Amino acid sequence: MTNGEEITLVVDGVEVRAQAGMMLVDAAKHGDVEIPVFCYEPKLGQPVGACRMCLVEIEGIPKLQTACSTPVRDGMVVYTQTDRVQEAQNAVVEFLLVNHPLDCPVCDKGGECPLQDISMGWGPGKSRVIDPKRHFQKPIPLSPLIKIDRERCILCYRCVRFSQEVAEDEQLQLLERGASTFVGTFDDRPYIAPFHGNIIELCPVGALTSDAYRFRARPWDIEDAGTVCTLCPSQCNIKLTVRDERIQRVLARDNFEVDDGWLCDKGRFGYQMIESPDRITEPMIRQGGTLVPVSWEQALEAAAAGLRDAGERTAAVVGGPSSNEEGYLTQRIVRGPLGSPHVVSTYDDAVDRELLLELSRPQLAASVADIDRAESVLVLGTDPMHSMPIIDLRIRKVVRRNGTRLAVATDRPTSIDGVAEETARYSPGAMSAFVEALAAETGAEVYDRAEGELGADAERIAGILRPGSTVIVWAGEPSLAVADLAAQLDAKLLEIPAGANGRGLREVGCTPVAGPGLSETSTGLSPTDLCEALTEGDVEVAFLVNADPVRDAPNGPGWNEALQKAKFVLAISMFEDGSTKHADVVFPAESYTEKEGTVTHPDGRLQRVRPGVPHPGNARPMWEVLAELAGLLGDETGIDSAGEALAAIAQDVPFYARITEGEIGGLGVRWQEREAARNFPLAPGARPERSSVVVPTSHVGTTGGVPGASPAPASDQLQIGTYRDLWAAEVTDRSPALRFLRPTQTLELSPADAERLGLNGTPEVDVRQNGTSLRARVAIRERIRPGTAFLVDGLGDGAGALARHAVEVSAAEGGE
């Protein structure tokens with residue numbers, strides 16, 4: 001009997017059909033039989049049978065067995081309610097309550113506590129203990145976000161297993177022995193890790209509680225509302241806990257195809273941003289140099305007048321958190337009544353439409369679940385921890401459980417290098433050259449095999465990639481070499497966009513090279529050219545939709561100047577940020593907890609974003625505002641609901657055809673798996689010839705001769721790359737619980753370069769290039785390539801402008 005085959009067993013006299021290999025505790029549910037558990041949680045991996053609560057009697061086995069760790073087999077006969085089983089269950093509950101405080105009325109877990117439920121359903125109902133209970137200091141901060149009450153802990157191992165086997169930060173452990181055992185960290189250090197909030201949900205008692213939620217609400221005071229987090233491309237499914245129309249906490253809403261039931265701490269605690277006192281909650285118009293509140297009628301008339309006057313000299317920048325409906329209506333306004341082709345949703349210069357079509361083909365698209373089935377995974381040009389955190393956990397899981405072979409090729413060291421079988425580093429800006437060398441190693445004849453270290457690295461990486469069973473998780477510089485590499489390996493691609501809904505915005509037409517459905521359209525300006533055009537006056541109006549280019553664009557200072565010189569700026573924003581301060585008209589934006597619409601996951605899964613709380617102040621649904629604005633400009637959309645906005649998208653995007661809110665449902669649907677996927681447009685004509693690229697014999701600290709890269713730095717310089725830290729975001733600044741995680745500007749460099757430039761022991765440095773200068777702390781990293789260094793992007797200090805340039809670095813003047 002092999003795992004997965006259907007078998008029959010008997011549980012408490014009821015015949016149950018289940019799959020061979022399934023754990024008994026899960027199989028019993030098919031017969032509507034509940035077996036109590038504390039330590040068992042399938043998401044954590046193999047069961048450990050620690051709590052002994054799930055003991056059952058199995059015919060043919062003399063001793064009681066743990067149902068959580070016993071695989072079912074055909075013909076098995078199981079009893080869960082015999083005297084032996086009940087006596088064992090009573091004993092376990094009584095043992096757990098020996099030292100557990102009976103403080104349910106003041107415990108945050110009260111009313112939703114498995115220990116309460118199991119004590120009532122499977123416990124003895126009374127206690128024989130008259131001795132004093134064990135005491136600990138309580139509660140104490142396990143981290144700045146979590147309090148631990150060790151008296152309540154039942155040592156189920158869940159939190160420790162998560163730390164060691166899922167997140168693999170290995171910070172939590174069991175300390176001391178016997179009756180003195182407790183959960184803690186080495187030397188009582190704060191448990192700070194990007195996923196550690198998950199242990200709050202995992203805890204089956206009130207031992208681990210959220211500092212932000214403690215004493216805020218009871219289960220009977222709250223309502224749950226499901227939606228999707230749009231703070232990053234992971235698009236995790238979440239459940240909002242709402243009391244009195246205010247969000248009190250955020251929990252995971254299990255969706256195996258998206259997030260495996262986990263959340264990063266940004267998604268778990270970032271909800272505090274939504275109730276920030278700095279939020280814009282009513283429309284405003286600039287009068288006398290100051291933004292003043294006005295009615296929606298006045299704001300819409302002023303916005304329409306400003307856009308109408310500029311006409312085709314209008315450009316729209318649509319930010320990553322925007323929904324498909326917001327993006328679609330924005331590009332419809334700009335391309336329709338205004339007649340402008342300038343619509344962007346990323347700050348990377350746009351690729352041509354043909355390349356976009358090639359990389360977006362449904363045949364190449366990997367689902368998140370495809371990672372679980374792959375024999376090898378290549379992470380290319382990105383650190384999933386920062387760009388799409390939940391993918392980091394998924395990759396760690398398949399390496400640990402399935403033995404999947406992992407290769408990582410990036411310019412900067414990543415968080416998953418430690419679990420990778422092979423790693424390779426290339427210089428900032430040299431990703432295309434590396435991919436071409438890798439494609440050549442896998443047999444793509446249009447590229448020459450590289451020599452030297454680049455060739456050796458490409459050969460090592462290619463050696464572990466399995467044809468027909470590889471997923472390439474990538475981000476960065478798009479090129480046909482990526483598609484060629486996938487074709488040679490018969491691999492699938494999962495592109496991580498820069499914005500949360502980057503893929504969806506691109507597919508509904510928020511790109512200068514394609515319209516809705518990636519259709520042909522007049523080509524607009526790339527983000528770099530658009531910034532210059534605004535500065536020079538060739539483009540007069542900027543329409544910002546949930547976008548802050550001053551902070552998020554690589555050339556933030558350039559965008560600041562461009563918006564300052566623009567004739568008119570219309571901004572849709574939650575806050576008065578570096579870009580909104582230049583606006584002439586401001587519409588209050590919705591947060592993802594108030595919005596109704598859809599987003600498209602990087603793997604093509606359309607998901608519904610649903611409102612859980614009402615709009616603050618005088619804010620309105622943005623699809624409604626944009627439809628009204630379109631009407632004032634002469635485009636009567638006929639859209640009167642979010643569902644009708646989705647229907648309009650489905651009409652204009654052929655591969656979304658006939659999709660509805662009902663079909664998307666609570667878990668989403670991948671458009672590649674629908675019949676309408678056959679409507680995906682084909683690239684026009686033959687693919688262009690690609691000349692062979694001669695790559696340098698060494699790519700350590702140099703990119704000489706590599707297309708798209710900067711010249712090699714001088715001996716006293718460093719070549720700069722940038723990365724977007726997970727916490728370099730507005731949500732970190734606006735959420736009190738997360739502010740301690742906001743990164744400070746840091747220059748990461750190798751020990752060899754620190755020695756060469758005399759920076760050992762230097763706390764701060766000045767980084768300069770062609771008139772641009774910033775100050776940064778120094779961090780020496782062993783795995784940084786000599787000759788290269790990295791700065792944090794997205795802090796609003798213009799670090800992105802230094803990317804791919806050779807810079808001078810010296811000890812900070814006046815520094816310690």
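Helix pair one. I started with helix α17 (residues 527-536) and helix α19 (residues 556-565), whose axes come within 7 Å and cross at roughly 45°. I am working on a predicted model, where local features need pLDDT of at least 70, side-chain atom pairs count only at pLDDT 80 or more, and totals for chains, interfaces and linings use all residues. Residues are numbered from 1 along each chain as its sequence is written, and side-chain values use heavy atoms, with hydrogens and water left out.

Axes are lines fitted to C-alpha atoms, for helices over the stretch in contact, with angles from 0 to 180 degrees between N-to-C directions.

At that angle α17 and α19 are oblique to each other (under 35 degrees is roughly parallel, over 145 roughly antiparallel, 65 to 115 roughly perpendicular, the rest oblique). I get a left-handed crossing for α17 past α19 (left-handed if the near helix is turned anticlockwise from the far one by less than a right angle, right-handed if clockwise). On the α17 side I listed P527, L530, C531, L534 and T535, meeting G558, W559, E561, A562 and K565 of α19; contact means heavy atoms within 4.5 Å. By class I have 6 nonpolar, 2 polar and 2 charged residues there (Ala, Val, Leu, Ile, Met, Phe, Trp, Tyr, Cys and Pro are nonpolar, Asp, Glu, Lys and Arg charged, the others, Gly among them, polar).

Helix pair two. Next I checked helix α7 (residues 296-310) against helix α20 (residues 622-632): the axes come within 9 Å and cross at roughly 55°. That makes α7 and α20 oblique to each other, and here α7 passes α20 in a right-handed crossing. From α7 the contact takes W296, L300, E301, A303, A304, L307 and R308, and from α20 it takes V625, E628, L629 and L632. I have 8 nonpolar, no polar and 3 charged residues in this contact.

Rings. The search of the whole structure gave me 9 aromatic pairs (Phe, Tyr and Trp rings, Trp by its six-membered ring, with centres within 6.5 Å; planes under 30 degrees apart are stacked, over 60 edge-to-face, the rest tilted). F655 and Y656 have ring centres 5.4 Å apart and planes at 90°, so I logged the pair as edge-to-face. F655 and F680 sit with centres 5.2 Å apart and planes at 45°, so that pair is tilted. F655 lies in the loop between α21 (642-652) and α22 (661-664) and F680 in the loop between β28 (669-670) and β29 (717-724), so the pair ties together parts 25 residues apart in sequence. Both F655 and F680 are buried (buried is under 20% relative accessible area, exposed over 50%, partly exposed in between; 1.4 Å probe, protein chains only). Ring pairs link F655, Y656, W671 and F680 into a cluster.

Threonines. I found T598 in strand β26 (residues 597-600), and at 2% relative accessibility T598 counts as buried. Leaving out residues up to four places away in sequence, T598 touches S323, N324, E325, N501, Q607, R608, V609, L646 and I664. T593 is in the loop between β25 (585-588) and β26, and T593 counts as buried at 0% relative accessibility.

Methods. Helix = DSSP H or I, 4+ residues; strand = E, 2+ residues; numbered from the N terminus.
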